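I opened my notebook for a look at the fold today. Here is what I looked up, in the order I went.

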Amino acid sequence: MFTELLLCLVVGGLIYFLVQRNRSQVLTTEDGWWGAGAPPDGGEDDSIRLFKVTTSKEELEDLCRRIDLTRPVASLEDSQFQYGFNSHYLQKVVSYWRNDFDWRRQVDKLNQYPHFKTNIEGIDVHYVHVKPKRVPEGTSAVPLIMVHGWPGSFYEFYGMIPLLTEPSNPNDIVFEVVCPSIPGYGFSEAPHKKGFDSVCAARIFHKLMKRLGFQQFYAHGGDWGWLVTTNMAQLEPKTIKGLHVNFAPPSKPGLPMALSIMLGRRFPKMFNFTDVDIQRLFPCMDKLVVESIKESGYMHIQATKPDTVGRGLNDSPVGLAAYILEKFSTWTSKDFRDLEDGGLTRKFSLDDLLTNVMIYWTSGCITSSMRFYKENFAKGLDQPHSKIPVQVPTGFACFPDELMHTPRLWVKQKYHQLLTYTPMGSGGHFAAMEEPQLMAEDIHLFTKIVEKKKKK
């Protein structure tokens with residue numbers, strides 16, 4: 001008992017010291033120019049232009065021709081998804097894509113919400129902007145930016161948008177939603193110069209929101225969107241009213257995390273570990289190291305030589321689909337590796353999955369999207385943003401099948417004003433697309449708490 005009490009005092013003192021040490025730090029950045037060539041004379045064109053997703057007979061004929069010329073490779077017997085996307089099941093997906101998938105109908109679905117483009121720092125930034133149809137009298141819509149990751153897109157949020165802008169509960173907050181495409185993804189122009197990382201994306205999205213007239217707003221992100229919105233909070237903490245994320249791997253593991261790994265299994269109460277924390281973290285070698293190695297091969301490729309694999313994927317729609325959809329299988333649940341169909345349609349429809357693939361295919365953005373890994377890792381893991389804590393109110397949605405489990409203690413090392421930490425009933429890495437209702441409910445819950453605190 002005495003030993004445990006002493007350890008608690010020591011660990012508590014260290015955590016307090018580490019939290020207080022960086023309280024006043026703010027991330028800094030400088031404007032960039034990502035367009036081709038030198039910046040033009042006369043300043044930046046800040047006009048906002050309507051954009052519409054389109055397709056053509058020629059585009060679809062080219063896609064079908066390339067699909068027809070695919071060369072199948074037989075999967076190993078009894079291999080399921082353990083070696084990647086199972087080739088036998090891939091042929092079924094490709095057959096549906098070629099013969100039954102209606103891209104024109106999906107284009108209409110994409111265009112159900114207003115799309116726009118505006119030029120920021122030399123590149124056209126695409127975004128979806130949805131205003132609520134009705135706002136309760138005496139209130140105003142709450143602006144919210146939602147940022148996707150890889151290999152996702154703005155389309156991941158389509159299931160959430162009506163739940164946020166037209167909530168069924170009259171007591172819920174009504175949001176005005178902005179869903180941009182990270183430059184180099186989807187219909188946002190790719191940077192023409194080296195160096196475009198998450199901080200650059202954060203700076204551009206701040207400019208976008210200011211251009212739309214928002215002086216303060218909420219932000220939500222998962223995958224790369226987690227880091228981009230985190231950087232937004234670090235750059236302008238007074239602008240971000242609240243930050244909500246569903247992915248928060250430790251950016252700079254410190255002493256509290258190390259101690260919790262060494263002692264957490266034996267003294268879980270010391271670190272406020274729950275049964276779920278113990279189950280997801282231990283044994284550490286299996287859960288944190290081996291599992292990460294199994295699922296991070298793509299990251300090493302994209303963080304070093306993205307253009308090489310990108311050229312092949314940009315030429316082959318079947319290769320592109322296999323590369324992207326394998327992530328929607330394994331990252332939704334690691335157990336799906338043991339299924340013949342990868343569990344793809346247990347949580348998603350093929351129409352939604354192929355719509356996301358088509359956004360990559362028709363925009364030709366797979367190479368530029370993968371370069372984002374190169375740019376973020378090229379400067380090393382000790383970047384200023386990795387050492388600066390987030391001081392804005394934060395909410396964390398903890399989904400049970402996320403790639404990496406992050407207990408409350410670890411989240412609080414980075415996000416010092418953690419107001420909500422919600423263990424979710426189901427969901428994996430692509431939670432916004434897989435569980436839109438759960439995600440929207442947690443965003444509502446978090447925002448209500450922040451708004452209530454501000455009124456006091």
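For the core, I took a nonpolar core as a set of buried Ala, Val, Leu, Ile, Met, Phe, Trp, Tyr and Cys residues joined through side-chain atoms within 4.5 Å, where buried means under 20% relative accessible area with a 1.4 Å probe, protein chains only. This is a predicted model, with local features needing pLDDT of at least 70 and side-chain atom pairs pLDDT 80 or more, while totals for chains, interfaces and linings use all residues. Residues are numbered from 1 along each chain as its sequence is written, and side-chain values use heavy atoms, leaving out hydrogens and water.

Core. I found 119 residues in the largest nonpolar core; among those touching the most other members are Trp-97, Phe-205 and Leu-243. Apart from it I noted another core of 12 residues, including Met-257 and Phe-271. Contact here means heavy atoms within 4.5 Å. Not counting residues up to four places away in sequence, Leu-243 touches, among others, Ala-219, Val-390, Tyr-415 and Phe-446.

Next I traced an open sheet of 9 strands, in the order 1-2-3-5-4-6-7-8-9 with mixed pairing. Strands are DSSP runs of E, at least two residues, and helices runs of H or I, at least four, numbered from the N terminus; two strands pair if DSSP finds at least two bridges between them. Strand 1 (48-51) and strand 9 (418-423) each have a single partner strand, so one side of each lacks a neighbour in the sheet.

Helix 16. I saw that Ile-366, Met-370 and Phe-372 are among its buried residues. Gly-380, with a positive phi near 90°, follows helix 16.

Definitions and conventions
Buried means under 20% relative accessible area, exposed over 50%, partly exposed in between (1.4 Å probe, protein chains only).
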